[in-house]
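Please keep the sequence and the structure in view while reading.

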Amino acid sequence: MPHDDHDHPHTLLPPDPALRVKALETILTRKGLIDPAALDEIIDTYENKIGPKNGARVVARAWSDPEFLEALRADATAVVKDMGFYGRQGEHMVIVENTPDVHNMVVCTLCSCYPWPLLGIPPGWYKSDAYRARAVREPRKVLADFGVGLGDNTAVRVWDSTAEVRYLVIPMRPDGTDGLDEDALAGLVTRDSMIGTGLAVAP
Amino acid sequence: MTRVHDMGGRYGDGAVVPEDENGPVFPKDWHGRALAVTLACGSLGQWNIDISRHAREQLSPQDYTRFSYYEKWIAGLADLLVETGVLTQEDLAGEGPDGPHPLADRAMKPEAVKQTLVNGGPADRDSNIAPLFEPGQAVRTARPAGNRLVDGGHTRLPAYAAGATGRIVRLHGSHVLPDSSAHRLGEAPEPLYAVAFPAAELWTDPEHPGDEVVLDLWQSYLHPA
């Protein structure tokens, strides 16, 4: 039940954010409820092991292999799991493909839902009030903040991640990339292009 | 009426400021600690993801607005630890006893981190509720947006999409219903759909006649249109 009439216990912690986290970590550690070495491991995972390079490999392969793309369309979760990209905040994946007619863009207006196994921890702007508030109402102006302009012939489709489904945008493959292998193609896939606030870069 | 977190469509927030893609994952060290403490406490098994989201949403509008992202996480976590009885107010004030806690044997160990993150927490479930809608079908969302099981409770229908008419894009299978799960009323899984709404159905001044917003919505949020 909501407990709106109660005092908020968090006010008992120190107000400074860094001290507040430290105080809570200390209290929990002294009671054996958390192990600081496990926290180090979690941080190392998201700083060094899981990030947008995972998603870029999926996109590069989707650009290169029509059968792979077809499998992604049918069941993206199973396909990326086979590549080792499954887990927390990526338990049910769906891909959305950009075309000359439709540009896809992902937001979470209610919190900060984001496909962690493929893109890592979301950047600050994705979690900002401005992005959460504006992306659904004026996506073209938000795209302009990123330096992206779309023509009148391209419709914008904004995906508001309101459930435990996570969306990965497959950006359009840049022109002039016919001879490139998957590794080279992956280098053209930016994080923002897989959220839909950017485009893949030309070689 | 929903809560302060439900900000889709709001005016007045200013520019979105892009960031260097090669910048730090955690711009401040305490950001990473806040995320890690929150994830580690999840292993104590005292709440689910819907309960933890609702804890952040229950921050006062003043706190929700002035807190940075990970401050919301830590405040929500502290409140939840007390609400579930894992910690006392005295503990948070630094005046509680040290020593082993009854839940200490559940603490996440470093060697368990990888598998815990790989396992995740899927919300897909079997359900005995049959899908009522199919792709292409017109539907209208409930209005007003709000939890119909618990007054002021958690829901995932944003206010901006309440009472709007759209069309089913796809069926995602059946998923845990957050409106129930966030209040320990059971998982109550039901069909979940992606539903597309023309921008003109949602906004007074849409940017382009072809633009759409797609939301993931549970069957009980929807009526035939």
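In this predicted model, the centres of domain 1 of chain B and domain 2 of chain B, taken over C-alpha atoms, are separated by 28 Å. The domain assignment places domain 1 of chain B at 29–119 and domain 2 of chain B at 138–224, and the contact takes nine residues from domain 1 and ten residues from domain 2.

**Chain A: domains and elements**

- The assignment for chain A gives domain 1 (17–48) and domain 2 (51–195), and the C-alpha centres of these domains of chain A lie 31 Å apart.
- Chain A holds nine helices and four strands, which follow one another from the N terminus in the order α-α-α-α-β-β-α-α-α-β-β-α-α.
- Taken along its principal axes, the C-alpha trace of chain A spans about 60 × 35 × 30 Å.

**Helix 1 of chain A against helix 1 of chain B**

- Two packed helices are described by the angle between their axes and the distance between the axes.
- On the chain A side the meeting residues are Pro17(A), Ala18(A), Val21(A), Glu25(A) and Leu28(A), while helix 1 of chain B brings Trp30(B), Arg33(B), Ala34(B), Val37(B) and Cys41(B).

**Helix 1 of chain A against helix 4 of chain B**

- Helix 1 of chain A also packs with helix 4 of chain B, where the axes come within 10 Å and cross at roughly 35 degrees, again in a left-handed crossing.
- Helix 1 of chain A makes this contact through Pro17(A), Arg20(A), Val21(A), Leu24(A) and Leu28(A), and helix 4 of chain B through Glu71(B), Ile74(B), Ala75(B), Leu77(B) and Leu81(B).
- The contact of helix 1 of chain A with helix 4 of chain B has eight nonpolar, no polar and two charged residues.

**Cavities**

- How many cavities of 30 Å³ or more does the count give? The count comes to two cavities of 30 Å³ or more, and the largest cavity contains about 110 Å³ of space.
- The lining of the largest cavity draws on chain A with Leu110(A), Cys111(A), Ser112(A) and Arg132(A), and on chain B with His5(B), Arg53(B), Arg56(B), Glu57(B), Tyr64(B), Tyr69(B), Lys72(B) and Trp73(B).
- The elements giving two or more residues to this lining are helix 2 (49–57) and helix 4 (69–83) of chain B, and by class the lining of the largest cavity has five nonpolar, two polar and five charged residues.
- The second largest cavity has about 40 Å³ of space, and its lining takes Val136(A), Arg137(A), Pro139(A) and Val158(A) from chain A together with Ala199(B), Trp203(B), Pro206(B), Glu207(B), Asp211(B), Glu212(B) and Val213(B) from chain B.
- Sorted by class, the lining of the second largest cavity has seven nonpolar, no polar and four charged residues.

How values were computed:
Residues are numbered from 1 along each chain as its sequence is written. Chains are lettered from A and ligands numbered from 1 in the order in which they are written. This is a predicted model: local features need pLDDT of at least 70, side-chain atom pairs count only at pLDDT 80 or more; totals for chains, interfaces and linings use all residues. Side-chain values use heavy atoms; hydrogens and water are left out. On a 1 Å grid over the protein atoms alone, a cavity is a set of points where a 1.4 Å probe fits but cannot get out, and a pocket is an open set with protein on both sides within 12 Å along at least five of seven lines; lining residues have an atom within 4 Å of a point. Grid points are joined across faces, edges and corners, and a volume is the space filled by probe spheres set on the points. Ala, Val, Leu, Ile, Met, Phe, Trp, Tyr, Cys and Pro count as nonpolar, Asp, Glu, Lys and Arg as charged, and the others, Gly among them, as polar. Domain bounds come from an automatic or database domain assignment. Contact means heavy atoms within 4.5 Å. Axes are lines fitted to C-alpha atoms, for helices over the stretch in contact, and angles run from 0 to 180 degrees between N-to-C directions. A crossing is left-handed if the near helix is turned anticlockwise from the far one by less than a right angle, and right-handed if clockwise.
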